[in-house]
Amino acid sequence: MERPYRSALQKLMERLAEGDRAALPPAFELLWPLLRRFTGRHLPSGDADDAAQEALLKIFFRAGEFDVSRSALAWVLGVAAFEIRTARRRRARRREDPPPATGSPVPRDLNATPEETAIQQDMEAMLREALGSLRPEDAETLRLYARGDRAAIAAATFRKRVQRSLVRLRAVWKVKHG
């Protein structure tokens, strides 16, 4: 994050903490793209918009509680992270997300730090989300390929399907996660 952006956000949050309502429009202009990108990296698009909106409402509602001696960016992202967790719990309660696989395809490193484990889990969730965005045939082809299996078709045909599915997966990944 660029220093001028952080500085502008810090000043706007300080103004909001002091009760200056004139700071709301420029704060919205600054915060909405940030929150939308942040939630969009961790949630499907419909839930990401809702979580970003909820985070923005809470930030403005609780702006008076903002400690001006602390980083505004960290505070804002903390509120957004809470909304992401809430949206994930909501999806899990509604059973919209598939249950986690009993045997993870990626072996866990027993010596990994909690941060490394969290990063690995985030990457796996992002991959599942990207696979969910593909056509079912492409996702199944990649799952078979990852397991070392092959569909009941000619080897050359399967290789071509894998190649095309990987190209589509990369395109989805680039759009969703940069």
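Arg-93 lies in helix 4, which covers residues 72–93. Helices here are DSSP runs of H or I with at least four residues, and strands are runs of E with at least two, numbered from the N terminus. This is a predicted model, where local features need pLDDT of at least 70, side-chain atom pairs count only at pLDDT 80 or more, and totals for chains, interfaces and linings use all residues. Residues are numbered from 1 along each chain as its sequence is written, and side-chain values use heavy atoms, with hydrogens and water left out.

Now the overall fold. The protein has seven helices and zero strands. Along the sequence, the pattern reads α-α-α-α-α-α-α. The radius of gyration is 21 Å, while a compact globule of 178 residues would have one near 16 Å. That radius is taken over C-alpha atoms, and the globule rule is 2.2 Å times the number of residues to the power 0.38. Along the principal axes, the C-alpha atoms fill a box of roughly 70 × 35 × 30 Å. Of the 178 residues, 29% count as buried. Buried means under 20% relative accessible area, exposed means over 50%, and partly exposed lies in between (1.4 Å probe, protein chains only).

Next, the salt bridges. The structure holds eleven of them. Each is a side-chain nitrogen of Lys or Arg within 4 Å of a carboxyl oxygen of Asp or Glu.

| Pair | Distance (N to O) |
|---|---|
| Asp-20 and Arg-15 | 2.8 Å |
| Arg-91 and Asp-47 | 2.8 Å |
| Glu-83 and Lys-58 | 2.6 Å |

Asp-20 is partly exposed at 28% relative accessible area. Arg-15 is partly exposed too, at 31%. Arg-91 sits in helix 4 and Asp-47 in helix 3 (residues 45–61), so their bridge ties together parts 44 residues apart in sequence. Both Arg-91 and Asp-47 are buried. Glu-83 is in helix 4 and Lys-58 in helix 3, so this pair links parts 25 residues apart in sequence. Glu-83 is buried, at 4%, whereas Lys-58 is partly exposed, at 31%. Elsewhere, salt bridges with shared partners join Arg-135, Glu-137, Asp-138 and Arg-168 into one network.

Back to Arg-93. Its relative accessibility is 62%, so Arg-93 counts as exposed. Arg-93 gathers with Arg-85, Arg-89 and Arg-90 in a surface patch of positive charge. Patches take residues with over 30% relative accessible area and no salt bridge; like charges are joined within 9 Å, and nonpolar side chains (Val, Leu, Ile, Met, Phe, Trp, Tyr) within 5 Å.

Note on methods. Areas by Shrake-Rupley, 256 points an atom, 1.4 Å probe, with all protein chains shown as cover. Lys, Arg positive; Asp, Glu negative; His and termini not counted. Charge placed at Lys NZ, Arg CZ, Asp CG, Glu CD.
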